[in-house]
Amino acid sequence: TLSVGAGVLDVNLAKFALKNSIKDFEFFSGIPGTIGGAIKMNAGCYGSQTADNLKKVLVINEFGKIKYLSKDELELRYRSSNLKDELIILKADFNYKYTTKSEIIEKINYIKLKRQNTQPIKEKTSGSTFKNPPGEFAAALIEKAGCKGMKNGGASVSTIHSNFIINNGEATALDIENLGKKIIK
């Protein structure tokens, strides 16, 4: 079992896994945020997701009671879980397997190249904004709605990948929120 603190950055888990020849954590190399957040939303990309290797999580409730929840209890689905907002994840236990560093590097490089070619990775974003509806891609729907490049204050919809909202340097949280509302409308 690999125990990881909830505050560990996703990318740092990917680096640790590479350093120790642990496979199937490569997808974390391109996901912004922490392991706690990745569990809450079952973060993933390119065919992998947090639930794949997750065994259990240690949580604390608003009364200070600490307990383990199994992966099954979390009911992890596409970009969601049933984890209640009152619970704070303290750590996660993952199952893991070893492989060669070259295999891990190959996967990480594939993910990196794919992101470089299709996403605004050099811009200030928080990653993909909207979940894909069943059988659809949010980016395609945003483009069809004519929102690619749309602006609101200091925020804009990426012209590279329309499911990314960019902070053009001076966007407020309200700018980003209102742009999201315009896209939904």
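Phe 25, Phe 27, Phe 28 and Phe 94 together make up one aromatic cluster. The structure is a predicted model, in which local features need pLDDT of at least 70 and side-chain atom pairs count only at pLDDT 80 or more, whereas totals for chains, interfaces and linings use all residues. Residues are numbered from 1 along each chain as its sequence is written, and side-chain values rest on heavy atoms, with hydrogens and water left out.

Rings of Phe, Tyr and Trp (its six-membered ring) were taken to pair if their centres lie within 6.5 Å, with planes under 30 degrees apart counted as stacked, over 60 as edge-to-face and the rest as tilted. By this rule there are five aromatic pairs. Tyr 96 and Tyr 98 have ring centres 5.5 Å apart and planes at 90°, so the pair is edge-to-face. With buried meaning under 20% relative accessible area, exposed over 50% and partly exposed in between (1.4 Å probe, protein chains only), Tyr 96 is partly exposed at 31%, while Tyr 98 is exposed at 57%. A charge is also placed over a ring (NZ of Lys or CZ of Arg within 6 Å of the ring centre and within 35 degrees of the ring normal): Lys 56 lies over the face of Tyr 68, at 4.1 Å from the ring centre.

Salt bridges, defined as a side-chain nitrogen of Lys or Arg within 4 Å of a carboxyl oxygen of Asp or Glu, number seven in the whole structure. In one of them, the side chains of Lys 107 and Asp 24 meet at 3.5 Å, N to O. This pair links distant parts of the chain, 83 residues apart, with Lys 107 in helix H4 (residues 101-118) and Asp 24 in the loop between H1 and H2; helices (H or I, at least four residues) and strands (E, at least two) are DSSP runs, numbered from the N terminus. Lys 107 is partly exposed, at 35%, as is Asp 24, at 26%. A further salt bridge joins Lys 148 to Glu 143 (3.4 Å, N to O), and salt bridges that share partners connect Asp 24, Glu 26 and Lys 107 into one network.

Most residues other than glycine have a negative phi. Asp 24, although not a glycine, has a positive phi of about 75°. Arg 79 likewise has a positive phi, near 55°, and is placed in the loop between helix H3 (71-74) and strand S6 (88-94); Arg 79 is buried, with a relative accessible area of 19%.
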